[in-house]
Amino acid sequence: MTASASETLLINEAARLAALRRYDVLDTPPEPEFDRIVRLATHMLGAPISLISLVDESRQWFKARQGLDAAQTPRSVSFCAHAITSDEVFVVQDAQSDRRFADNPLVSGAPHIRFYAGAPLRTPEGHPLGTLCVIDHHPRTLDAEKRGLLADLSALVVNELELRRVNRALHAMATTDPLTGALNRRAFLQEADRAFARARNEPRNLSTLVLDIDQFKAINDRWGHDTGDRVITELYLIARSVLRKGTHVGRLGGEEFAVLLPDTDAVGAGHAAERLLKAIGAAQVPGPAGQVRFTVSIGIGGIAADDSQFSMLLRRADQALYSAKHAGRNRVAAN
């Protein structure tokens with residue numbers, strides 16, 4: 001009978017899955033660093049199929065693959081779900097003769113696995129994320145030297161995963177605001193410059209919003225800086241929930257944010273601003289003596305025929321924001 005992956009669940013499965021999520025690698029595009037390793041595995045071990053397999057709750061997903069079209073298979077039929085329970089290279093010399101796998105659909109059908117060898121991908125903390133595995137359509141053995149090679153290659157995969165994780169963390173530190181998670185000023189303006197260049201070259205519409213929390217100093221003075229920080233964070237969370245997925249939102253400084261709206265004309269930008277104004281007006285955050293409400297003023301700037309750089313749009317949005325403040329706050333103005 002085919003063994004179920006549930007039989008091989010680790011005692012610390014929750015910690016293993018949490019470690020896998022921290023690498024933020026599932027369902028990402030191919031990357032040459034990992035593709036290179038599976039090509040080496042195929043060449044060095046003489047196997048037609050080589051995979052970097054990551055095992056989550058319900059499937060094994062292949063970060064890199066050689067000799068196989070499928071991008072993932074169910075965990076319930078996964079050889080790798082067994083391999084991650086082992087500290088050593090897990091070898092199945094002939095799956096048809098192994099009662100754990102003889103009626104496995106991956107053995108009786110495509111890709112017709114007969115031989116399997118998988119080296120666990122263990123994090124520095126010891127969590128097995130998946131395997132580097134090789135597969136053959138014919139029974140075979142794997143001597144000690146080749147087991148060592150597979151283990152060495154699996155260590156290279158882990159090294160690449162660690163390097164990728166560290167680089168992503170460094171990038172996040174360099175580009176995001178630590179309080180809110182929004183783009184910081186430098187990163188937002190870089191994205192805006194790229195969007196401006198695209199809008200000029202194609203040509204396309206481009207708008208930007210500048211938001212400023214009304215009477216923020218009074219919020220800090222009355223409720224304290226912790227509540228002020230919660231207000232700032234809530235504003236960003238509302239913007240993320242109201243605006244289209246993927247919209248760039250940046251914290252320009254203090255209580256001021258900016259929103260980049262590619263392919264959006266003045267009318268569309270106005271609609272987006274009004275949605276934000278309404279959602280923020282309905283929001284509240286916990287304070288030391290109850291719920292705290294707040295409002296914002298929003299200025300809109302759109303691309304003009306004689307604009308030569310994004311800063312010209314931003315300047316107009318700032319001017320519109322100034323007009324909204326002087327007209328009574330908690331409103332939208334365009335320039």
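Is strand β6, residues 128-136, largely enclosed by the rest of the structure or exposed, and why? Nine of its nine residues are buried, so β6 is largely enclosed. Buried here means under 20% relative accessible area, exposed over 50%, and partly exposed in between, with a 1.4 Å probe and protein chains only. Strands, like helices, are DSSP runs numbered from the N terminus: at least two residues of E for a strand, at least four of H or I for a helix.

Before going on, the ground rules. This is a predicted model, where local features need pLDDT of at least 70, side-chain atom pairs count only at pLDDT 80 or more, and totals for chains, interfaces and linings use all residues. Residues are numbered from 1 along each chain as its sequence is written, and side-chain values use heavy atoms, with hydrogens and water left out.

Back to β6 and its partners. Strand β1, residues 49-55, pairs with β6 in the antiparallel sense over six bridges; pairing requires at least two DSSP bridges between the strands. Ser53 has Thr131 in β6 as its bridge partner. Strand β5, residues 115-122, also runs antiparallel to β6, joined to it by eight bridges. There, Ala117 stands opposite Val134. β5 and β6 form a hairpin with five residues between them, and Gly126 in the turn has a positive phi of about 100°.

Now the domains. The assignment gives domain 1 as 13-174 and domain 2 as 185-334, with bounds that come from an automatic or database assignment. Their C-alpha centres lie 45 Å apart.

Next, the largest pocket, at about 240 Å³. The volume is the space filled by probe spheres set on the grid points, which are joined across faces, edges and corners. A pocket is an open set of points on a 1 Å grid over the protein atoms alone, with protein on both sides within 12 Å along at least five of seven lines; lining residues have an atom within 4 Å of a point. Among the lining residues are Thr176, Tyr236, Arg240 and His248.

Last, Arg329. This residue lies in the loop between α10 (310-326) and β13 (332-334). Arg329 counts as partly exposed, because its relative accessibility is 35%.

Terms used: 1 Å grid on protein atoms, 1.4 Å probe; cavity = no way out; pocket = protein on both sides within 12 Å on 5 of 7 lines; lining within 4 Å.
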